[in-house]
Amino acid sequence: MTGVRLLVGTRKGAFVLTSDESRTEWDVNGPLFAGWEIYHVNASPADPDRIYASQSTGWFGQILQRSDDGGRTWEPVGNEFAYDGVPRTHQWYDGTQHPWEFARVWHLEPSLTDPDTVFAGVEDAALFRSTDGGKTWQELSGLRGHKTGEQWQPGAGGLCLHTILIDPENEDRMFVAISAAGVFRTDDGGETWQPINRGLRSRELPDEEREVGHCVHRIAMHPSRPSTLFMQKHWHVMRSDDGGDSWQKVSGNLPSDFGFPIAVHPHEPETIYVVPIKSDSEHVPPDGKLRVCRSRAGGNEWEALTNGLPQEHCYVNVLRDAMAVDRLDPGGVYFGTTGGQVYASSDSGDSWTAIVHDLPSVLSVEAQTLQ
Amino acid sequence: MIRVVLPQHLRTLAGVDGEVRLDVQEPPTPSSVLDALEATYPMLRGTIRDQGTAQRRAFVRFFVCGRDISLEPADDPLPDEVASGAEPFRVVGAMAGG
């Protein structure tokens with residue numbers, strides 16, 4: 001079938017929403033893993049039937065689920081995420097040092113070419129890799145072992161590694177983002193890493209321009225331009241055209257440049273999307289109006305997309321992993337809210353429809369294009 | 001034969017409906033019961049106790065014969081009623097409400 005499969009993680013289970021290429025009628029399957037927090041569900045680009053899901057609760061810890069049939073059946077795979085060597089310490093909220101402690105998997109990023117290879121970004125921040133379909137996990141400890149590691153500090157949601165981008169032209173180059181440490185890049189398949197935060201300014205820090213400590217909420221890349229990165233930071237929308245070596249602010253005329261997700265149009269590398277949120281103390285849309293802001297110039301010049309979105313009394317949030325795009329033409333854009341809505345646009349954001357209204361609070365949305 | 005009662009989420013994860021019955025070497029202890037449980041249902045590894053340290057997870061408790069034994073040594077023998085199968089070994093998720 002040609003169409004789209006949305007993989008939705010929520011506070012109380014996972015949902016799979018499926019449509020043909022018209023994207024007008026959606027089949028809703030779920031909840032899967034009912035009652036568990038599903039931080040992320042993501043599929044292998046190399047095998048659309050291979051899907052991984054991060055399942056956890058505060059009671060029973062972390063489970064990793066795998067499907068080999070497009071989400072119809074699932075099996076638990078390996079859930080042992082053991083830090084490599086002595087865990088060491090990072091900075092705690094009060095400025096003291098605190099031991100690294102595993103809490104959960106925030107993000108799963110399957111390899112672009114091998115369905116059995118998948119990366120996991122975890123809290124407390126570290127990057128793990130499995131090469132056997134999720135049965136066993138090994139830490140790529142060169143990241144956490146970076147000399148700045150003891151300066152990393154948790155954001156309000158914890159010290160989480162929440163974004164993993166793989167360069168499609170060179171899989172040895174990857175980017176990860178950590179709240180609140182910043183962005184890091186490897187050019188050798190994850191052995192060594194360097195912070196790439198030059199140009200970021202965070203007024204919450206005593207030294208606004210320090211090397212690490214920035215609360216990066218999400219980064220995004222278009223596969224045809226892997227050296228151009230877009231970032232939604234705690235405050236500020238940023239871009240880099242040199243693989244993260246330097247960053248420029250492109251917030252322009254946004255109603256607020258605080259927010260969580262950022263996404264790139266599937267066919268237009270300079271078209272990007274953010275969801276403005278009023279502030280870090282309120283976490284709601286400005287003026288009660290849910291707006292997706294689109295720039296067709298790679299930033300600075302933004303238009304508010306409102307057709308089909310609530311424009312009064314709306315006080316939901318859109319979390320960092322809860323926006324995705326498909327690869328159909330015209331491009332589809334999707335996002336989920338903390339109020340349980342999943343909105344879809346099949347015309348690059350010009351108009352929106354709520355596919356579902358009343359799911360549990362949405363943590364993540366991924367869009368699989370089925371062809 | 002040791003009877004083990006699991007909380008609903010772990011029954012679902014393990015794919016079992018009612019109680020779990022396990023053969024455990026005499027005398028059974030909390031540690032040996034959990035060893036047998038995890039050997040039979042490997043998907044439960046890490047959900048009741050840490051895989052590295054074997055420490056009980058903070059929001060999981062163990063009850064036998066109406067008594068909370070969570071803080072007692074994991075290698076202490078369980079009561080005869082549990083060893084004989086008359087009473088179950090209960091794994092309980094801590095209550096949260098309000």
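1. Chain B has a radius of gyration of 13 Å, which agrees with the value near 13 Å for a compact globule of 98 residues; the radius is taken over C-alpha atoms, and the globule rule is 2.2 Å times the number of residues to the power 0.38. Along the principal axes, its C-alpha atoms fill a box of roughly 35 × 25 × 25 Å.

2. A word on conventions: this is a predicted model, where local features need pLDDT of at least 70, side-chain atom pairs count only at pLDDT 80 or more, and totals for chains, interfaces and linings use all residues. Residues are numbered from 1 along each chain as its sequence is written, while chains are lettered from A and ligands numbered from 1 in the order in which they are written.

3. Chain B holds 3 helices and 5 strands, in the sequence order β-α-β-α-β-β-α-β. These are DSSP runs numbered from the N terminus (helices: H or I, at least four residues; strands: E, at least two).

4. How many residues of chain B are in contact with chain A? There are 13, facing 12 residues of chain A, with contact meaning C-beta atoms, placed from the backbone, within 7 Å. Helix H1 (residues 8–14) of chain B gives the largest share of its side, 3 residues.

5. In chain A, strand E24 (residues 292–295) pairs in the antiparallel sense with strand E23 (residues 272–274) over 3 bridges; pairing requires at least two DSSP bridges. Cys293(A) is the bridge partner of Val274(A).

Note on methods
Contact = placed C-beta atoms within 7 Å.
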